[in-house]
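Subject: Structure handover

Hello,

Here is the structure for you to keep. My notes on what was found in it follow below.

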Amino acid sequence: MIEDYGQSGDNMADRRQLFVEMRAQDLDSIRLSTYRTACKLRFVQKKCNLHLVDIWNVIEAFRENGINTMDLNADLSVARLEVVLSTIFYQLNKRMPTTHQITVEHSISLLLNFLLAAYDPEGHGKISVFVVKMALATMCGGKILDKLRYIFSQISDSTGIMAYPQFDQFLREVLKLPMAVFEGPSFGYTEQASRTCFAQQKKVSLNTFLDTLMSDPPPQCLVWLPLMHRLANVENVFHPVECSYCHTESMMGFRYRCQQCHNYQLCQDCFWRGHASGSHSNQHQMKEYTSWKSPAKKLSHALSKSLSCASSREPLHPMFPEMPEKPLNLAHIVPPRPMNITNDYSLSHSMPTSGNPYSTKKVPTDLPCSLDANKQQRQLIAELESKNREILQEIQRLRLQHEEASQPPPDRGQQNPTLLAELRLLRQRKDELEQRMSTLQESRRELMVQLEQLMMLLKTQGPGSPRSSPSHTISRPIPTPIHSDSAGTTPTHTPQDSLMGVGGDVQEAFAQGPRRNLRNDLLIAADSITNTMSSLVKELNSEEEESFENDLEQQLEEELKLEELMKHRQEPDKTCMVRPGWKKKEAYCVF
């Protein structure tokens, strides 16, 4: 919500952005003040996406927010005004296709800041209900006839006659819109403005009001209002004609043709900015065209007009009754709603009587017949109301029955404690079995790791010995697991779950085949370990026996060598003894 809008930098930035973009359109270069004002207000209308909203959407938003029940002189806060604008644009997005959605927050911010800049420049923080209705009714899109009828419903009395003070207040507020786009010197409010539109002594009805404001030319102070709608109607009109000044091959919007220069035509941009070329002058009289007609169509139109006996010109608007019609009293048929009927509803009362099937006509004077008809209608209404009550009761009964059927059934276990006790025991047994299973799996994994280590140890033995190969270490084949019917009740653990971290030989030995029983796997692992241990003991014993025999043979050989050496020494000692007569130096034998 916007509270301190006068001091909010964001709001001032939005206002400046709107006016900067409007100046970027170079609309101030338009030399005619009427077209300049209409173009500026049309730019604001399209920028705020108000051209997509008609007067009926605005009235609907007023009724949803309770604005129609408020006094016209009551004040609306800025927050309440923002809620009204939010209703208008959010409802617009619901009607628009998904590919043409608008930015609601941006549109609300731009329009709110424009209204505050126009009607609350001092920053009081409130705007009257009458101002909001007149401003939105003037700036919204749709048909100008519907907008003027709604405006007249707000400034007229109960008899359908315009109140001059209300019309003067309308002019005072609606002429602040040109002032907001810096066109106050041309279309500012003056005290003589209301007198120039209507004579003070004349009673102004709806038809007179519409004739005056939709005439050609309209009142000088409001001449920009019908021109803004004409701009909206010709924005997409294509003219296959070249502009005599800018030489554009075709033009969009209005087309202007000089009444003095031969075949001299200008597009709306060149004419509005006073461009001229050749012998043409801005003082020449120009005729404005809102459509393109081929020469053949022009000829046929001229012939039909010359041959017609009576004028075929249609009135600017349909004729409405002088007095607003009274609505039907449906109090005895439809319950009354707690809503006050104000001037917002008077617009629907001013429909022509020719097409209204509920227009007031003379009632037959046959009183007994009318009383009998009313009695029959009341009886019919009473019967329908009783049937309605019966249908509502049946709907309520079916709804209760459906709710009872949709409720979940009560827990039978709560009524039988034996079942609850058995359930708890089963759950405990399940937890124990799961815990036991996890322990067995862990034990199996440890056994597999030990088996892998033993197999690696056997592989690291000498490659020359025939006993070092793993094939000789296994004395008997590994028994295959026996599949039993109870194998399906074991937990869904695969053999690889317990072999994480075990070498490839063990995994290959235990991962083959279908799912095995845990007990058989443990038996197989135990047999494998036993065989491995026995083979290891045999290897160690064989190695020790071989080393002992080698040592014994070496010792025996050494002892034999020593005995032989001793024998050899004793034999030379006996033969080399001293003979008599020999010299002392020859008494020993050297060998």
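Is S215 buried or exposed, or does it count as something in between? At 27% relative accessibility, S215 counts as partly exposed; the scheme calls a residue buried under 20% relative accessible area, exposed over 50% and partly exposed in between, with a 1.4 Å probe and protein chains only.

Before the rest, two notes on the basis. This is a predicted model, in which local features need pLDDT of at least 70 and side-chain atom pairs count only at pLDDT 80 or more, while totals for chains, interfaces and linings use all residues. Residues are numbered from 1 along each chain as its sequence is written, and side-chain values use heavy atoms, with hydrogens and water left out.

Overall
The protein has 20 helices and seven strands; these are DSSP runs numbered from the N terminus, with helices being H or I of at least four residues and strands E of at least two. Of its 591 residues, 35% are buried. Among contacts with a separation of 6 or more, 68% are between residues 24 or more positions apart, a contact being heavy atoms within 4.5 Å.

The loop between α12 and α13
S215 lies in the loop between α12 (206-213) and α13, and P217 has its place in that loop too. The peptide bond from D216 to P217 is cis, with omega near 5°. Helix α13 (residues 224-234) is largely enclosed by the rest of the structure, because eight of its eleven residues are buried.

Two residues with positive phi
Most residues other than glycine have a negative phi, and most peptide bonds are trans. F182, not a glycine, has a positive phi of about 65°. F182 is in the loop between α9 (176-180) and α10 (184-187) and counts as partly exposed at 46% relative accessibility. H247 also has a positive phi, of about 60°, without being a glycine. H247 is in the loop between β3 (238-239) and β4 (251-252), and at 52% relative accessibility it counts as exposed.

Core
The largest nonpolar core has 102 residues, and F170 and F209 have the most contacts inside it. Such a core is a set of buried Ala, Val, Leu, Ile, Met, Phe, Trp, Tyr and Cys residues joined through side-chain atoms within 4.5 Å. Its largest share, ten residues, comes from α5. Leaving out residues up to four places away in sequence, F170 touches F130, M134, I151, I155 and L222.

Helix α4
The end C-alpha atoms of helix α4 (residues 78-95) are 26 Å apart, which agrees with the 26 Å that its 18 residues should span at 1.5 Å a residue; the expected span is 1.5 Å times one less than the number of residues. Its buried residues include L81, L85 and F89. Among the elements covering them are α3 (55-64) and α5 (104-119).

Sheet
Three strands form an open antiparallel sheet in the order β6-β5-β7, two strands being paired if DSSP finds at least two bridges between them. The edge strands, β6 (265-267) and β7 (286-289), each pair on one side only. Strand β5 (residues 255-258) pairs with β7 over four bridges, and R257 has K287 in β7 as its bridge partner.

Regards
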